[in-house]
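Take a look at the picture, then read on.

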Amino acid sequence: MEYNFLCNIFILIVMPPFFVGVINRVKSIIAGRTGPPILQLYHDIFKLIKKNAVYSRSTSCIFRIVPLTSLLIVLCAGMLLPIASPSPISFQGDVILFVYLFALARFLTITAALDTASSFEGMGASREATYGALSEITIFIVLMTLVIIVKSLSLNKMLTHGQNVFVADPSVILLFLAFFFIMLTENSRMPIDDPHTHLELTMIHEVMILDYSGPDLGIILYGASIKLFVFMAFTAMIIFPCSEGPVWAGTGILFLKVLAVSIMTGLVESFTARIKLIRIPQMLIASFVLTLFALLITLFDQRML
Amino acid sequence: MNWILVGIVLTTFVVLGSSRITTRIKAVAIQGGLLSVLQFVARGSLFDIHGALLFGITFFIKTIIIPLLIFRSIRGISMRVDKEPKVSSHSLLLTLGLITTISFLNINTFPLAVGATISSLLIPSALTTVLTGLLILVTKTKATNQIIGFLILENGVFTFGMTIVSEFPTIVEVGVLLDILVGVFIMGIMIYQINRTFDDIDTKSLSLLGDA
């Protein structure tokens, strides 16, 4: 049993940068480039960790503790998720902890961005706070709907609800689509924020980490890849719940599921242009309405209305 | 059946949420296609001459003729994107959420008998479609958008009609479809006239008219 838990944690620690590589590879294939190697992010992280950090004189200790703290918070959130086998930590109501751990990580990142005293990073922090507030409500409605479907407040039970099948139900598909969009928002991916641009007017996430260098930057990149991995795994599990089975089978299926979601993300990023900043709240409200609709359908199906 | 109903409501959402007129018209066309399939499914029996006839006519009118007519009437009108919406799209979308919730909550107050072949999701989705059509009609001032709002309103009424589809004579349905077709024709002509008089299809300019 403990072996399974270790396996979960191992996957959570080792695999995430790989899927960032997959997304970048899909994008470069579609753009007709060779692109960076799939394992590029591992090299980047190791290179950065070997360097020294430079700290601005205007920063305080908050700025220094944030990268590692938010990495640990995101790892904790990942441990609540039944990745390849039942999750290491699980209790009734861990759904709410799951969401708020990410909110805490976001709060810390915003605080650190404000701590640099750069008005530029303050702008990014303000954007991040706005979009975070709007996407949180959608995440909660998605989780509420799943809670109603599975009738349990534990993520472990929610995402391993028996059927080892593609859940073909209109409301589940709607949840999947809405959560996919939220995944892109939360991780500052393409239609919302371009992870590769450093153009000041459009950045959201990149602008908040501009002052970091060396090992801190490496940790932040690593933490971001874990967050992306956890969200992609969650997105895949909405439509394709985890199976009960040996841990190697779970790992294999998980690998395929997250691979599929990363390829989807890569395709979406290749074929869409970044949305205008003023249109983003509108898209987020649209995804909120979509999940609300899914919630209503589910309540209706369960004869709760 | 649930899939089709969800599709109908989603196309309504697309119409309200998008900012391009061509997207809206396409969404209405898809909705028309879904409706024609819906009434086929609601009948229950597959090879029914009335059903097949109605399917053909509905599909032809709602998915091909009406969208083409609208496309034709906006040809030469440059306002393909509505630049300054009267009501912000944020509040429109939030109202849409409210409308959907209300339609689902009040389901028990409608004493409509839902047959065995018909999903109970039908009435709330029909109500959502009708109310959203109404919302589009009252919030958009461009004449083309009002046509689209009217069509969505009518599609919602059509969806309501599915509850009595088996007892309803086909000829009445076809008559209703013909009425709508004529309605869209007349509205197309009106768009042309408004555009020629005001160089714009904003219906707000109509309120400036007076006795000279």
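**The greasy middle**

Of the 144 residues in the largest nonpolar core, the ones touching the most other members are Leu81(A), Phe98(A), Leu155(A), Met158(A), Phe234(A) and Ile238(A). A nonpolar core is a set of buried Ala, Val, Leu, Ile, Met, Phe, Trp, Tyr and Cys residues joined through side-chain atoms within 4.5 Å, and buried means under 20% relative accessible area (1.4 Å probe, protein chains only). Keep in mind that this is a predicted model, where local features need pLDDT of at least 70 and side-chain atom pairs count only at pLDDT 80 or more, while totals for chains, interfaces and linings use all residues. Residues are numbered from 1 along each chain as its sequence is written, chains are lettered from A and ligands numbered from 1 in the order in which they are written, and side-chain values use heavy atoms, leaving out hydrogens and water.

**Confidence**
- Chain B averages a pLDDT (the predictor's confidence in each residue, from 0 to 100) of 81.
- The model scores ipTM 0.85 and pTM 0.89.

**Salt bridges**
- Over all chains there are six salt bridges (a side-chain nitrogen of Lys or Arg within 4 Å of a carboxyl oxygen of Asp or Glu).
- Lys27(A) pairs with Glu269(A) in a salt bridge, their closest N and O atoms 2.7 Å apart.
- Lys27(A) counts as buried at 14% relative accessibility, and Glu269(A) is buried at 3%.
- Arg106(A) forms a salt bridge with Glu186(A), with the closest N and O atoms 2.7 Å apart.
- Through shared partners, salt bridges join Arg106(A), Glu128(A), Glu186(A) and Lys227(A) into one network.

Note on methods. Buried means under 20% relative accessible area, exposed over 50%, partly exposed in between (1.4 Å probe, protein chains only).
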